[in-house]
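Hi everyone, thanks for coming. Today I'd like to walk you through some charged pairs, and a few other spots, in one structure. Please have a look at it first.

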Amino acid sequence: MHLVYGCPAVYSWDPQPNDYGGRSLAVLSSSVGNYIVVLSSTQLHFWTGTSDIIYLGSVRINGATVDDDPATHFLLHARGDYLVVTTLQRRILFFNISLEVKNTEVLAPLYHDNLLRTGPFASRVRFLKEERLEFGIVTSLASGGSNCFFVCTTAGVVCVMGWFQQKLLHTWSCRSLGKDALSFVPLDEMGEEHADSSMRVSRGDILSGSILDVCHSSQIKLTVFLLSNGYVVLAQSNVGNDFTRDDIAFSLKCAAATCVARVSVNSRHMLLAMATDAGDVMCKWIGEDLSLKPMWNGLKCLRDVKRHGPIGELLWSPDEELLCVGFYHLGVFVLHYSGVCLCSSMLFHNFQRRVVQGCISFLWASHGHRLFVVEPLSDGFTEYSFGQIISSPCGETTGSFTPIVAFNNDALRLAGNFPAGGGPTFNDVVSVRSQYAIENYPLTQGAVSPDGGSVVLAGKNGFVLFDCLSHRWSALREKRQEAEFFCVAQPLWLSNIAVVMPVRMNRSRNFELRVYARKCLDENALLYREPLERMPLQVCECHEEFNDMFILLLDSSNALLLWRCVIAHDKHSYLPDAKIYLEFIKRTQLPDGLVYPVGMAGIHPARKGPKRTSFLSFSSQRNGYENALPYALFILRGSHALVSFDLGAAATNTSETSSAIKILILDGVCRIWIDYSVPMDGSVVIVFGVHGINFLHLLGGEDDMEIFPVVHEYAVSEFDAESIPVGLSTYNGCLFTAFSTKEVIGSIGGTSPTVSLRISLKPLLYNFCVLTALTCMGLPSLDTVNNKTPSNVNPFPLVMWNDRLLYWLESMRRNGTFIPNADYFLHTLISESIPCGLDHDSRRAAVQATVSLLRRYSEFYSVVVSCMRMLDVSQWRNLLDVLGSPLEFFRECIENHRFEESAQLLRVIMLDGNFPDDGASVDSLEATMLCAVHLFVLALWRRNVPLVHDLLRFMALLHTELVSPDFETDRKANGSGVWKRFLTAVGFQKDLPQDFSPETEQLCLLTPEEVSGGPSNSDMLQRRSVVEFVLRKYPKVRQAVHDVFSESLFAGHLMVLRDMSHELFIALRHFVTTKTRPTMRSLRTKASDDAVTEDDSCEGTPEIMHLPALFDGIHDEFGLPRSLRCIGTEFQDSVIHFMATEGTGSNVAVWTTAQSYVYTTPRMVETILGIRDLYSIWDECVLAVNVVLMIEDAVIQQIQAAPTLVKALQHLIAQPQNAGYKNFVQGCINGYDTANLSTGLMPSAV
């Protein structure tokens, strides 16, 4: 899977004033990827196609002119050594290209000013011959195999030209095609728009138009003709791909294709993509009889775009997983063959930069990591880089890493969380081992181990391994070993111990299966090698819970090879090394219905039955191995059906293999993963397809003749057109889907911002399906795909809690997926969406068993309350019958300090026992109000400001219902509508109560002018009115506010007090003044004395004792560390530049670790100074802040104004935790004494 990332790169040539060749028209790349060629009106421009794209030079096209005879199209031979160019005057020019640019040459310093020194360039691109068409202007060129190519013209015919004969071989028209055998697609297979039964067409009507477009696939020997009368013809010839012969006869299949303008064939998946004139795209799968059936229709990512415009290009990627659609005006869109839109050039739209103007031509690089796009009016091309995402094909119970990585030729990207809080992404970037990447460009194959700890990457030769734990690369020590082979298919990990490499030998050109040890890639790293007769295409493994394992390999002859593998760990060694034993078992030729499947997985026979069995080593199973062979799962090309294949049944019934095949899903499957971590018998398969993501549970008996007689299918999520599943991670407890995220990189040095893309991951949970499957396994009425229940499947209890399940639940708790999975399962269990029938008693028993299990965990309350929020009011009783009444459960949550969950239960208390349409009764409203008031007080004591805000809003709505239940207004209103509704129903008296005195009342609300700052902010005024009502109506709340504010003030929780006063509109300055008035009066009295004598002590002024607690609270709120000594001189030089910017005048020499943290943390000093300004009326707070910031002049000035503070400071440094401040405080006192001596006053007593 490839996804785009990074910024697009633009490459252009610098035309000379007298050598202007026109704008870019098209782009091509050689099959080996060593060069890129761009066509302009009169020239061919060449770049290197290796890791560094460098301009090589240009060659003029013979006789081409910008005005009279410009070049229009060009095409490269499959080997890249021949090139053909067509012009407006029907000329066809042949060129021979002999460019051999290696990656090592490009990276070496052989070029100057981006021009590679390749010698005389004209001699490397030689003109060979010119041919001229008799009629029609060329509209497109298409490859017709290795010997010829097709030329479509405005005359409605296709000209077949030979690459080596360099002349016209055949001319095909609708009339000539009509001479061959023609059959029709049944009307029910044409799609809904062509399913009219009254539609009747004749052979002459179909083959009476002209040919608009042609596409040929050499792999499946299929040629597709698009006709002008709204039909598409699929043709297979008797000559295969050799159209140089004269005796060509076609077998034709016709299907309707209304308004289709472009076609493209996907040979690997047997798909046909079609683009319409209106800019829409559809995809159909090609059956064995060449019939077309719909797979998906329309670009869902363009639903918001009104006008798409025409489509200029339609091309599949080299691995045929992606489809690129080029719009003339919208640019390029890259889609997965399932229909998921992965990227578009519209994402790079930036108003401050050049806007992407569309697309007139594009081409994939041979390895699929690059997409070259030619935009209108451009002097070159734009390159989009793609990263290949690989993941483990199965999920294991062990692992410390996410087994999903992305790589290209430069870097390996490991999955992690985005630093800016943007969710999981590939943020850990590791450079690929440079020497290997340079010599073996490009890297095309890779695999990650099931535990995510190891990654293998393979390029042109050899391979490299990456260890995620040590972050180190390793390669074969001998260059000779690395140059022996290259990997031809995706590698496979055997646990985390060894890697299986399907390779081709460079010298003999033979194929082998090799197994290398992960540790120590020396001459002994090769553990096993097996010669292969044909090219390997896919390799997979299946294993049991112990050491028994099977390796399955599919080769190019459509044969399945099977090995048995046993991993033997050395019990007497502390090293993680192990020995691997392999034995070849059999070679099975797959039947015609399983030709070249696009996906493959294996299931160990021990994981089929209801009871898992342990297999002995392969040495004791050599006889009778047919009875213990694995099952293969295949995704068929074309229909993309998921089928299972029993190798044991195929071995016993060699003459008939139909009994060994079972269809699990009929169509639309794109990818599968096996989850070995689930605590259930049988096998679990996660399926992604065009119908969404499903959870498949396969279960069978040991003596069943049928393959998997029980097949349960559970829906996980619907099809998402904007993200695609890329890997299963049992370490994270989810299936990850990937999508491209747009981000704007800020300008540097005055340049414009740049738009870049990163690959982001989105977790998709599915373990709730496992819990549902465990519940369904014991029910007598099983809803199976084939409506058959095996007779020998042992009945399970309704809910089977065992040790395997408990360990699995603990793994979900570790990765943070326990709550969402458990509440969704509980919701599914209560609702009617469970796939197996449940009567009332069984449902209650299942809910009761689940609740009893969840009570063992601390997340119980979060799970239950979250489930309650998802349920309808009518379904609450199914859960409350087990939990008890809502009031009892509310008190239980309060006793366990689950206040957020208690707040969610208020709605349940209000509506319980009432019909949803009738609303809540007065009794339930009053009970809910009492609970809300009680919870509001607790939230105040917990200093939970967000919960206070939510409760305040809820209490406003609740009291509105109590006062005026018949009041009609918009019940869906939120925000300001809540407060308006409250004020309309309640209203307020504006006169203050008789016993209220501003001088003695400590809780005084802000005035309306202070709240709003103007009459326009009505929402703030309405919220203030609600606070005033609550404080008047409920004295308990008022007293709690007073006590919490007082405690926070004197405990030094100044920021919390600021936030709470802002939320409740309390006049903070007035509150601080009234609470600290005795202290202020005492300080002024002491300051009026002429001197501070030794008899003065802190016992005489108890208010001064608040300073140590206030000092500790400031440290706690800001997270300031404590130190027992002064350490400022140890880092004075490294932080002196911070002091210059802050300008506080702090003495660095007496700093503690707290000051080093404060002055080196951005905006920390500004925040602390803001707290000092907010509480400036309180001298003790100002003094505490000045001591924390160590501002000596400010502290001395405060002592001079209030000499009593000397005793308070001495009491402060007497506390053990404040010993580090002793030097600073003593220095301030000494400075105060010096000032007193100079004025003739008595110094302070020390």
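Let's start with a word we'll need: a residue is called buried when its relative accessible area is under 20%. Glu-859 has a relative accessible area of 16%, so Glu-859 is buried. Keep in mind that this is a predicted model.

Now, which residue does Glu-859 meet in a salt bridge? The partner is Arg-813, at 3.1 Å from N to O. Arg-813 sits in helix 8 and Glu-859 in the loop between helix 10 and helix 11, so this pair ties together parts that are 46 residues apart in sequence. Arg-813 itself is partly exposed, at 30%.

Why might such pairs form? Side chains of opposite charge can pair when their charged atoms come close.

Here's another one: Asp-69 and Arg-91 meet in a salt bridge at 2.9 Å, N to O. Asp-69 belongs to the loop between strand 6 and strand 7, while Arg-91 is in strand 9, so parts 22 residues apart in sequence are tied together. Both Asp-69 and Arg-91 are buried.

Compare that with Glu-1166 and Arg-1163, whose closest N and O atoms are 3.0 Å apart in their salt bridge. Glu-1166 is partly exposed at 45%, and Arg-1163 is exposed at 58%.

For disulfides, a search of the whole structure finds 0.

That's my tour, and I'm happy to take questions!

How values were computed: Residues are numbered from 1 along each chain as its sequence is written. This is a predicted model: local features need pLDDT of at least 70, side-chain atom pairs count only at pLDDT 80 or more; totals for chains, interfaces and linings use all residues. Side-chain values use heavy atoms; hydrogens and water are left out. A disulfide is a pair of cysteine sulfur atoms within 2.5 Å. A salt bridge is a side-chain nitrogen of Lys or Arg within 4 Å of a carboxyl oxygen of Asp or Glu. Helices (H or I, at least four residues) and strands (E, at least two) are DSSP runs, numbered from the N terminus. Buried means under 20% relative accessible area, exposed over 50%, partly exposed in between (1.4 Å probe, protein chains only).
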